[in-house]
Amino acid sequence: MKRHLTVEDLARDGRFVRVNMEDRMNDPRNVGGPGAYGRDAAEQAGEGGRAGRVGLGRMVPDAPNAPDAARSLMHGIFVGEIQALEGAGRTCYDFDLGDGADQVPYALKLDMARQCWDEARHCEISVKLTEWMGTEIGEFTESPFLFQAACNPDALLRLAGVNRALEGLAIDVFNTMRDFGDKAGDPVLEFCEDWMLADEVTHVKMGSDWMRKLTVNDPERRARALEFQSVVDKLFSLGGGRSDDEDSPIRLARRFRQMAGFTDSEIDEIAEVSRQARNEAEDRVAARRAAMAAAAGSSPPAS
Ligand SMILES: [Fe+2]
Ligand SMILES: [Fe+2]
């Protein structure tokens with residue numbers, strides 16, 4: 001069987017709609033979409049928010065677009081679970097056993113096999129939750145960013161990008177969805193997210209533990225892995241939608257990240273990277289508004 005599959009090699013049936021990350025993030029029903037969170041830009045600006053902050057705010061059940069935003073997030077979780085299963089499975093298969101740079105220890109493969117078992121269960125839970133929440137496969141899109149991070153030829157960088165960065169993001173997302181289920185009075189959503197959250201903490205901890213073990217005598221490889229993790233963290237801060245700010249749609253789950261082996265300074269670093277991503281996203285919105293206003297011959301709308 002072929003090693004090191006590409007995204008194009010992944011098996012999907014006709015229900016799945018694949019797009020790139022930019023197109024997925026521009027879906028107005030998505031995280032950060034206008035009206036999804038019950039707090040508009042003017043309200044946030046009045047609390048000292050940056051100009052241009054549009055559509056960001058905590059996800060609350062009674063907001064007009066909250067059902068679509070929650071369904072979109074759930075669909076995103078589901079396709080993420082499929083790719084997490086595929087990525088962990090490939091890491092089991094793509095590398096020979098050994099201590100070389102392109103080899104992995106047997107215990108790492110065992111961890112990846114355990115993760116496959118968990119992710120397969122998460123796929124089943126998530127697809128049932130999408131139906132429970134009133135959507136179905138293909139109503140929203142799939143972008144293969146998680147599997148792309150799992151295509152790195154260095155197994156340690158895969159674990160840094162997938163287990164530490166993207167599964168770390170999964171911790172933040174599941175924690176948010178669990179709270180949303182609680183506030184919405186939906187115990188099925190709340191408990192399912194809680195159980196999956198516990199598994200994700202374990203997966204992130206696997207990444208943290210292997211990062212430490214495999215680089216104990218190799219600081220350069222550790223630095224490369226941390227740099228890759230930081231790049232992935234910034235790319236997938238959801239345009240700043242995941243951050244440490246009180247009004248974030250998805251808040252950094254500090255306590256669960258500590259349980260998963262992140263130090264406080266590492267969490268602070270992710271918060272800073274997320275803040276930069278949010279500021280950059282807001283600057284892009286402001287620039288687009290200014291360009292539209294200039295084209296229309298008027299001053300930009302207040303934000
Ligand atoms: Fe999962
Ligand atoms: Fe996971």
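The legends below describe close-up views of a predicted model.

**View 1. Packing of helix α6 against helix α7.** Helix α6 covers residues 155-184 and helix α7 covers residues 187-214. Their axes come within 8 Å and cross at roughly 160°, so α6 is roughly antiparallel to α7. The crossing of these two helices is left-handed. Sorted by class, the residues that form the contact of α6 with α7 comprise 16 nonpolar, seven polar and eight charged.

**View 2. Packing of helix α3 against helix α4.** Here the pair consists of α3, residues 66-94, and α4, residues 106-132. The two axes approach within 8 Å, with a crossing angle of roughly 160°. An angle over 145 degrees counts as roughly antiparallel, and α3 and α4 are therefore roughly antiparallel to each other. The handedness of their crossing is left-handed. The contact of α3 with α4 is made up of 15 nonpolar, seven polar and three charged residues.

**View 3. Helix α10 and its buried residues.** Helix α10 runs over residues 264-296. Its 33 residues should span 48 Å at 1.5 Å a residue, and the C-alpha atoms at its ends are 48 Å apart, in agreement with that expectation. The buried residues in α10 are Ile270, Val273, Ser274, Ala277, Arg278, Ala281 and Glu282. Residues three or four places apart in an α-helix point the same way, because there are 3.6 residues a turn. The buried residues of α10 pack against α8 (219-235) and β3 (242-243). After α10 comes glycine 297, which has a positive phi near 75°.

View 4. Valine 232 belongs to helix α8. This valine counts as buried because 25 C-beta neighbours lie inside 10 Å, where 20 or more are required. Beyond its neighbours within four places in sequence, valine 232 is in contact with Ala149, Gly161, Ala165 and Leu166. One of these contacts, glycine 161, is 71 residues away in sequence, yet the C-alpha atoms of glycine 161 and valine 232 are 6.0 Å apart in space.

View 5. Histidine 4 is placed in the segment before α1 (21-25). Although the residue is not glycine, its phi is positive, near 55°. Histidine 4 counts as exposed because it has 12 C-beta neighbours inside 10 Å, and the limit for an exposed residue is 12 or fewer.

Technical notes:
Residues numbered from 1 in each chain as written. Chains lettered and ligands numbered in written order. Predicted model: local features only at pLDDT ≥ 70, side-chain atom pairs only at ≥ 80, totals over all residues. Axes fitted to C-alpha atoms, helices over the stretch in contact; angles between N-to-C directions. Helix = DSSP H or I, 4+ residues; strand = E, 2+ residues; numbered from the N terminus. Parallel < 35°, antiparallel > 145°, perpendicular 65-115°, else oblique. Left-handed = near helix turned anticlockwise from the far one by under 90°. Nonpolar A, V, L, I, M, F, W, Y, C, P; charged D, E, K, R; others polar. Expected span 1.5 Å × (residues − 1). Contact = placed C-beta atoms within 7 Å.
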